[in-house]
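This briefing concerns a single protein model and is arranged by topic. Please read the points below alongside the sequence and the coordinates.

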Amino acid sequence: MLTGPGEAAVEEVEPPVAGPGEVVVAVERAGVCGTDLELFTGHMSYLGTGRAWYPLRPGHEWCGRVAAVGAAVDPSWLGRRVTGDTMLGCGRCERCREGRHHVCAELAELGISRGRAGALAERVAVPVAALYALPDAVDETLGALVEPGGNALRAVRAAALRPGERLLVLGTGTIGLLVALFARAHGVETHLLGRDRDGLRLARELGFAGAWTRPSLPDLAWHAVVDAAANAPELPALALELVEPAGRVVCVGLAGTPSTIDTRDLVLKDVTAVGILGGSVGLAGAVAAYADGSVDARPLVAATVGLAETADVLAGHRPPWAGPGPKIHIDPRR
């Protein structure tokens, strides 16, 4: 539970109950995300706008097994391995009816906003409409990477590149590396630009020979550029500078301060700019790519710890035995 900026602890709470149209999932794995860190530090913008408040239970990257079902839920969900959508729309408005529930005016985000308790817990209540069944080929590590994978896959789709065309990904964190993995699986020539030595080293270990710093970046034609970095407000302008005329810039990373671009460059280069919010419409594709082995994101997870270590992870402490990956997972059963 997060009780204030920089304040987190494991607490005993009333177990969730499956309401009508809901299930309760016994959580087997949950990822700690940059959004969780912002909620912990108090820097998350929702805390200032009133869309999120303390106390708050975070956790929106997860997988587990259905332990209980509520009224009007098919009992065949019981015992199934699942993950779920973070974005919970009202289900009634035009946006929801047209499949754009992730921008619903009444959107609640699991573990993030409007008091919806998240999955950094032994159990979590989830609307059955948000569930995605996991095949046996998708283990717990991959299951908890479906949500960020959906974000990354949406970014790759938005780049709209053909096999053999060239993509530059800005950022070597979880989303940047996932974008690179999904782009490569689509036959795209993929390069990454980073400044974190560990992230660049892991990118090369994952088989991306084109992992560059700004001084070493080659002068190539970048048919699309994805900004996947966290808290780097200067990168959208750099993406616009680097992308080929008539190319695409995709923004999935967010900074704590405004980013600025010169729209004259956008217009005179005839560039298409796309923003990506959430993984909703990419979740099924992420599950499929993990299941068929075309994307293996497991090396991105550096360590898996128990709930008791979560507060330390949120405070920025990595286990001394952690690997080079950017992601820490929590197993509530430990």
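Apart from its neighbours within four places in sequence, Val-24 is in contact (heavy atoms within 4.5 Å) with Pro-16, Val-17, Ala-18, Arg-65, Val-66, Ala-67, Ala-68, Arg-123, Val-124 and Ala-125. The model is a predicted one, in which local features need pLDDT of at least 70, side-chain atom pairs count only at pLDDT 80 or more, and totals for chains, interfaces and linings use all residues. Residues are numbered from 1 along each chain as its sequence is written, and side-chain values use heavy atoms, with hydrogens and water left out.

- Val-24 is found in strand 3 (residues 22-31); strands (E, at least two residues) and helices (H or I, at least four) are DSSP runs, numbered from the N terminus.
- With a relative accessible area of 2%, Val-24 is buried; buried means under 20% relative accessible area, exposed over 50%, and partly exposed in between, for a 1.4 Å probe and protein chains only.
- Val-24 lies 44 residues from Ala-68 in sequence, and the C-alpha to C-alpha distance between them is 5.1 Å.
- Leu-277 is placed in the loop between strand 15 and helix 10, and its relative accessibility of 41% makes it partly exposed.
- Leaving aside neighbours within four places in sequence, Leu-277 is in contact with Met-87, His-102, Val-103, Asn-151 and Arg-154.
- Leu-277 and Cys-251 are separated by 26 residues in sequence and by 9.1 Å in space, C-alpha to C-alpha.

- Asp-36, Leu-39 and Phe-40 are buried in helix 1 (residues 34-41).
- These residues lie on the same side of helix 1 because they cover an arc of only 100° around the axis, the arc being that of the directions from the helix axis to the C-beta atoms.
- The packing partners of the buried residues of helix 1 are strand 1 (2-4), strand 2 (7-8), strand 3, helix 2 (45-49) and helix 11.
- Helix 10 (residues 283-292) has Leu-283, Ala-286, Val-287, Ala-289 and Tyr-290 buried.
- Their arc of only 165° around the axis puts them on the same side of helix 10.
- The buried residues of helix 10 pack against strand 5 (81-84), strand 9 (131-133), helix 4 (140-143), helix 5 (146-159) and helix 6 (174-185).
- Gly-293 follows helix 10 and has a positive phi, near 80°.

- Six strands form an open sheet in the order 12-11-10-13-14-15, with parallel pairing; two strands pair if DSSP finds at least two bridges between them.
- Strand 12 (211-212) and strand 15 (272-275) are at the edges with a single partner strand each, so one side of each has no neighbour in the sheet.
- Strand 11 (residues 189-193) runs parallel to strand 12 and is joined to it by two bridges, with Leu-192 opposite Ala-211 in strand 12.
- Strand 10 (residues 166-170) also runs parallel to strand 11, with five bridges between them; Arg-166 has Glu-189 of strand 11 as its bridge partner.
- Four of the five residues of strand 11 are buried.
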